[in-house]
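Here is a short report on one protein model. Keep the sequence and the structure open while reading.

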Amino acid sequence: EPTASSSFAQTARERANIIDRKHLPYLWGGGHGGKVDPRKATPLDCSGAVSSVLGINPRVSGDFAHWGSPGRAPGGKGVTVYSNPHHVLMEIDGHFWGTSQSNPGRGAGWIPRSQISPEYLRGFVARHTKR
């Protein structure tokens with residue numbers, strides 16, 4: 001289980017763990033009816049899942065290209081969001097999280113690092129929070 005580097009990363013990790021344990025399947029548009037409480041989460045899409053973990057009102061994947069500060073969180077500690085117009089995932093203290101083929105029903109959960117290559121990440125804009 002990831003070790004948090006900040007209170008924000010700790011909170012994000014706790015929210016991610018709650019959703020991960022639910023083994024929710026992917027649902028396009030899931031999580032876009034308003035801010036999602038992870039304890040009450042139902043099936044989510046990629047941006048609904050990331051929005052829920054961040055504790056923000058839902059936004060579509062491309063909108064995350066303007067969230068936070070440019071680049072990956074220093075040293076991989078903290079929260080980094082990787083987005084493009086079609087998909088979004090996140091890294092919490094060096095551990096990837098989001099919707100993935102590697103999760104039950106392609107839903108939201110922790111993604112093995114072996115599933116995320118540097119080549120794959122080149123297709124995304126990285127943004128991080130200083131919180």
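## Charged pairs

Arg-39 is exposed, with a relative accessibility of 60%. This is a predicted model. The side chain of Arg-39 forms a salt bridge with that of Asp-37, at 2.9 Å from N to O. Asp-37 is partly exposed, at 24% relative accessibility.

How many salt bridges does the structure hold? The count is three. Side chains of opposite charge can pair when their charged atoms come close.

## A network around Glu-91

Arg-72, Glu-91 and Arg-113 are linked in a network of salt bridges. Take Arg-72 and Glu-91: their side chains meet at 2.6 Å, N to O. Arg-72 sits in the loop between β1 (69–70) and β2 (79–83), while Glu-91 belongs to strand β3 (residues 88–92), so this pair ties together parts 19 residues apart in sequence. Glu-91 also forms a salt bridge with Arg-113, with the closest N and O atoms 3.1 Å apart. Arg-113 lies in the loop between β5 (108–111) and α3 (118–121), so its pairing with Glu-91 in β3 ties together parts 22 residues apart in sequence.

Is Glu-91 buried or exposed? Glu-91 is buried, at 1% relative accessibility. The cut-off for buried is under 20%. Arg-72 counts as partly exposed at 40%. Arg-113 is also partly exposed, at 45%.

## Helix α2

Helix α2 covers residues 46–54, and nine of its nine residues are buried. Among them are Cys-46, Ser-47, Val-50, Val-53 and Leu-54. What covers the buried residues of α2? The cover includes α1 (7–22), β2, β3, β4 (95–99) and β5.

Look at both ends of the helix. At its start, a side-chain oxygen of Asp-45 comes to within 3.3 Å of the backbone nitrogen of Ser-47. Gly-55 follows α2 and has a positive phi, near 75°.

## Nonpolar cores

In soluble globular proteins, nonpolar side chains tend to be buried together. Here the largest nonpolar core has 25 residues. Which of them touch the most other members? They are Leu-54, Met-90 and Trp-97. The elements giving two or more residues to this core are α1, α2, β2, β3 and β5. A second, separate core has eight residues, including Leu-89, Ile-111, Leu-121 and Ala-126.

β3 and β4 form a hairpin with two residues between them. Asp-93, in the turn, has a positive phi of about 50°. The two strands, β3 and β4, pair in the antiparallel sense over three bridges. Ile-92 stands opposite His-95 in β4.

β4 also pairs with β5, again in the antiparallel sense, over four bridges. Which residue is the bridge partner of Trp-97 in β5? The partner is Trp-110. Four of the five residues of β4 are buried, so this strand is largely enclosed by the rest of the structure.

Technical notes:
Residues are numbered from 1 along each chain as its sequence is written. This is a predicted model: local features need pLDDT of at least 70, side-chain atom pairs count only at pLDDT 80 or more; totals for chains, interfaces and linings use all residues. Side-chain values use heavy atoms; hydrogens and water are left out. A salt bridge is a side-chain nitrogen of Lys or Arg within 4 Å of a carboxyl oxygen of Asp or Glu. Buried means under 20% relative accessible area, exposed over 50%, partly exposed in between (1.4 Å probe, protein chains only). Contact means heavy atoms within 4.5 Å. A polar contact is a pair of N or O atoms within 3.5 Å; within protein, one must be able to donate a hydrogen and the other to accept it, and residues adjacent in sequence count only if both atoms are side-chain atoms. A nonpolar core is a set of buried Ala, Val, Leu, Ile, Met, Phe, Trp, Tyr and Cys residues joined through side-chain atoms within 4.5 Å. Two strands pair if DSSP finds at least two bridges between them.
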